Amino acid sequence: MWILDAIFSLPVLVVGLAILGYVAATARAHATAGSNFGTLAAQPRAHGTNAFFSVLIPAVGSFAALSLVRSIGLRQGVETLSVRSIFWLVLSVAAIGCIDAILRSSAGFRARVASEAWIKSLLIAASAIAILTTIGILWSMLFEATQFFRQYDWRDFLFSTDWAPNFRGNSALGILPLLWGTLYVSFIALAFAVPVGLFAAIYLSEYAGQRMRSVAKPMIEILAGIPTIVYGLFALITVGPLLRDHFAQPLGLGDSASSVMTAGLVMGIMLIPFVSSLSDDIINSVPQAMRDGSLALGATRSETIRNVVIPAALPGIVGAILLAAGRAIGETMIVVLGAGAAARLSLNPFEAMTTITVKIVSQLTGDTEFASPETLVAFALGLTLFVLTLGLNVLALVIVRKYREHYE
Amino acid sequence: MTARSHSLLVQDARTRRRNAAEARFRVYGLGAISVAALALVVLLSSVVSSGIGAFRQTYITLEISLPEAKLDKSGTRDPEVMAKVTTFGYAPLLQDALLRTMEQSGITTSLSAADVGKIISKEAAATLRDHVLANPDLIGGSVTLDVLAEGRIDGYFKGRVTLESAALDANTSPEALRIAQGLADAGVIETRLNRRFLTAPDASDQRPEAAGLGVAILGSLYMMLVVLVLALPIGVATSIYLEEFAPRNRLSDLVEVNISNLAAVPSIVFGILGLAIFINFAGLRQSSPLVGGLVLTLMTLPTIIISSRAALKSVPPLIRDAALAVGASRMQAVFHHVLPLAAPGILTGTIIGLAQALGETAPLLLIGMVAFVRDYPAAYTDEAGLFAEAATALPVQVFNWTQRADPGFVERASGAIITLLVFLLAMNAAAILLRRRFERRW
Amino acid sequence: MKDTHLAERVDTMTQLKISARHVNVHYGETHAVKDVSVDIDANSVTAFIGPSGCGKSTFLRCLNRMNDTIDTCRVSGGIRIDDEDIHDRKVDPVQLRAKVGMVFQKPNPFPKSIHDNVAYGPKIHGLARTRAETSGIVEDALRKAALWDEVKDRLDAPGTGLSGGQQQRLCIARAIATAPDVLLMDEPCSALDPVATAQIEELIDDLRQSYCVVIVTHSMQQAARISRKTAFFHLGSLVEFGETDRIFTSPEDPRTENYITGRIG
């Protein structure tokens, strides 16, 4: 009988209790007030709302907590709580909440304050998700990375220049070639994106007329809205072959379409809007009085920009570049499709190299067993990546914030 | 002290030099913008030019005879019995039909019958089998059906494959292309609009001509639903708390720093989180839109929170004060007065966050959405639960196709990107319209 | 007509520095300055007074073509400095602004050291060839701006760290360092306290010896204290122009009188 199953399923029961609480508490508030409405400290509806939340929130909370306890237990191979006991525990929490709320709904009870406290607790719970996400990220990576370092020496991981995973075991898993590829690609991307983005921002904020701005700004924003997989495909089918046929092969620098240069250039295009919009904000926050002061001394616009605006905006621009560097280091799809898969320590930008993110993808989507170091190394790589980008972001935020305080 | 000429009407050498430097500086700026514009144009045109072909497909119209002796020896027309005849039983019928059509059109060839049969897609046999199983009465007679041409033939009519390239290709030959051209002249082969590209499921490595985006679009749709249902309320609640209620202390500072950091965490890290927490720890199903949606929710939350807070902040304090002054509680002031005014801004931010999530690829690879899926996932099944059947997503499908050997998949991948970009364009247009329509200046 | 007018003036005791004829300024739809004609003498202080929004600052900004930097602003009419049309196609605003210095309402030192603030103008205009020459110019300018004694020991300290009055004198030193003929001052004391204001006024009195100073001011007392001639602007028009003493004792136009006696403004 599916109807019985549904009726006795936990969500339906809990919501049913909540609605029951709402109706009963409202009725009771009406009854205690009688004809004399003014004796109530709150509207009857507020009593109902309070009862509704008094059932729902503790029930959902206890369900989440008990399930967590159960699944942690199961991970260790112990059934600490059966499904049945969770069912009854949650249901009794809901029932207690319901009865308690109904009993409380008498004339003197400030039900609106109580129900708003429930809502506020929901808001706080929602805010906690952001923190829980960070904790989740750290925990998941630390947990699995520890497993990895139990099987693989951390000194080899950090300082070895050899990356050669082998599904039969005995793999060399040194991060240095991957780190090198990551930094090399990011460097080329920034070397392209920073001048272009910065000059574009300067031109748009200091020179361009209204019409030019209304065309160029949205155009650059479109670049920002394009998903990275599109840039990846662009690297794969257009930029890679182009660079190979017109630069790498004629110059005798190799014949691979996927290369550090391919990925770096395409990632550079992706970063242009990022650099230019951040720089634009920062350049615009330099007070007009500074520009006027310089122009009134007979400086040209470019002299004003180079000698006054840029030095004044420098901390902010450095912050923006650091944020862009964080993006570049963490970017995945462009390097997966554009940079190649071979771990290599080389200076030749037309050679295929690989990055941390590429190897995270390949180690986690491969066929190796999950508990093997070849798979677990992905978590150590992820942790490295997280620490790197977090460091860059915190540094950038500190610099930008300092800079903002300077002018506001 | 100064060598400056005293007349303003005469430009001295230094000023000329400085003005030249000024002009150069302007050129650099214009150059930077042109580089960005050029990159955008080349990017879009390269994707569109290589992908637009995916929306057209080459079909062969064949009259196929369906002998009872081969398809239903028992003569019962019982689908269960007939299902025993596999696609291998149907392929020769297609080949015969093609040879007969060639004869009628007066095309002769030196190719063997088997090689001529390769002009037809391997998918065609399955199409014919499904058609016959659905209409058992056709057996004994004949049926006229439009079947897919093989990928190379399709490529020939789209200009991707030429007689020269075919000479070097083990999978086709210039002679096969000549036959195809003859059939096209006779009106048997036609290249026309390909609706199946948006509805059909993926196809195997050998059949780029049959591959479609149906499963991927459905999977993306499911994930967007999950993201919308979770990220919007959580994001709005978080921003209301932080903007309206949170006391200014270390803890709320921590939450704020935390959110701005999450916004900058590489997306692939969210994939690691999803794999470790949702799949390994919580035991949710790999490749399921539910896990994908959860991961994308966590990834999108910072975007939604940041834009929602901006929207709440833009509602002037006057409105709150007015509500409080007539005796509303803080909570009532926020929910009855501030939130409705901030709603357009919040929605705009949500749409932009959704668009970001729709295009995201890397975290989905880690939670197994890269798998080959041919069955349309159901939204709900009893044994699996909500959004738990394996699916794939639009951007992941693109990645998947780039990993295949057959060059026909490059066209498919680019076509999928055009589809993705059209969705994104629609979403962003909606966001812009919403902003225009409800924009309020205080 | 105009030329004979000029010729007459050159003969007189004071030399004519700036002559503006029928100057109109539009900001988009707003007509900010209406048909203003005025002659300004060299080596003297001329004050522009009037209620806020009367166009006096806008007109001042025409004299070194600072209005060129605002997209929506259009200027018409003739302005001649040393008998050269500053709107002539051959005139480079960069050279013009080196010759016509400007000090703004709010002190706006660059986020650089005191020395670099003053050395900025000479550097871009190539007025000094060696480091020693630059230091000479910086010292000279700071002395003229009566700031040298206060800052000579901390020339490397940031200019933004000075007090408001010191910052404004630094800006004056910065303007002097490019060796201008004309100094435009746009309400230079409005952001300063009375003591700093007195210092700046004293400084302006000294500067009169070597520069043509044009000062926009809100304060009639200030105009009376420091200027030889005063121009009264109202609603974008030049209402009255003449010797300061006469303007303040026997104004000809009733609007000037109303303003001076405090009935408008």
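These legends accompany close-up views of a predicted model.

**View 1**
Let us start with a helix in chain A: α4(A) runs over residues 83–104, 22 residues in total. From its first C-alpha to its last, the helix reaches 32 Å, close to the 32 Å expected at 1.5 Å a residue. Its buried residues are I86(A), V90(A), L91(A), A94(A), G97(A), C98(A), A101(A) and I102(A). Why do these lie on the same side of α4(A)? They do so because they cover an arc of only 125 degrees around the axis. The buried residues pack against α2 (10–33) and α3 (44–75) of chain A. Please look also at the face turned away from the buried side, where the exposed residues R84(A), W88(A), I96(A) and L103(A) are carried.

**View 1. An open sheet in chain B.**
Here 3 strands of chain B form an open sheet in the order β2-β1-β3, with antiparallel pairing. The edge strands are β2 (142–148) and β3 (189–193), each of which pairs on one side only. From one strand to the next, the twist averages 35 degrees. Strand β1, residues 56–65 of chain B, is joined to β3(B) by 5 bridges, and the two run antiparallel.

**View 2. A salt bridge between two helices of chain B.**
The side chains of R320(B) and E244(B) meet here in a salt bridge, at 2.8 Å from N to O. This pair links distant parts of the chain, 76 residues apart: R320(B) sits in helix α15 (residues 317–325) and E244(B) in helix α11 (residues 214–245). Are the two partners buried or exposed? R320(B) counts as buried at 17% relative accessibility. E244(B) is buried as well, with a relative accessible area of 8%.

In chain B, the side chains of R248(B) and E256(B) meet in a salt bridge of 3.9 Å, N to O. R248(B) is exposed, with a relative accessible area of 59%, while E256(B) counts as partly exposed at 25% relative accessibility. In chain C, D68(C) forms a salt bridge with R65(C), and their closest N and O atoms are 2.9 Å apart. D68(C) is partly exposed at a relative accessible area of 37%, whereas R65(C) is buried at 14%. Which residues of chain B are linked in a network of salt bridges? They are D154(B), K158(B), R160(B), E411(B) and R412(B).

We finish in a loop: A203(B) is found between α10 (196–199) and α11 of chain B. How much relative accessible area does A203(B) have? The value is 0%, so A203(B) is buried. Leaving aside residues up to four places away in sequence, A203(B) touches A210(B), A211(B), F372(B), R374(B), R404(B) and F409(B). G283(B) is 80 residues from A203(B) in sequence, and their C-alpha atoms are 29 Å apart in space.

Key: Residues are numbered from 1 along each chain as its sequence is written. Chains are lettered from A and ligands numbered from 1 in the order in which they are written. This is a predicted model: local features need pLDDT of at least 70, side-chain atom pairs count only at pLDDT 80 or more; totals for chains, interfaces and linings use all residues. Side-chain values use heavy atoms; hydrogens and water are left out. Helices (H or I, at least four residues) and strands (E, at least two) are DSSP runs, numbered from the N terminus. The expected span of a helix is 1.5 Å times one less than its number of residues. Buried means under 20% relative accessible area, exposed over 50%, partly exposed in between (1.4 Å probe, protein chains only). The arc is that of the directions from the helix axis to the C-beta atoms. Contact means heavy atoms within 4.5 Å. Two strands pair if DSSP finds at least two bridges between them. Axes are lines fitted to C-alpha atoms, for helices over the stretch in contact, and angles run from 0 to 180 degrees between N-to-C directions. A salt bridge is a side-chain nitrogen of Lys or Arg within 4 Å of a carboxyl oxygen of Asp or Glu.
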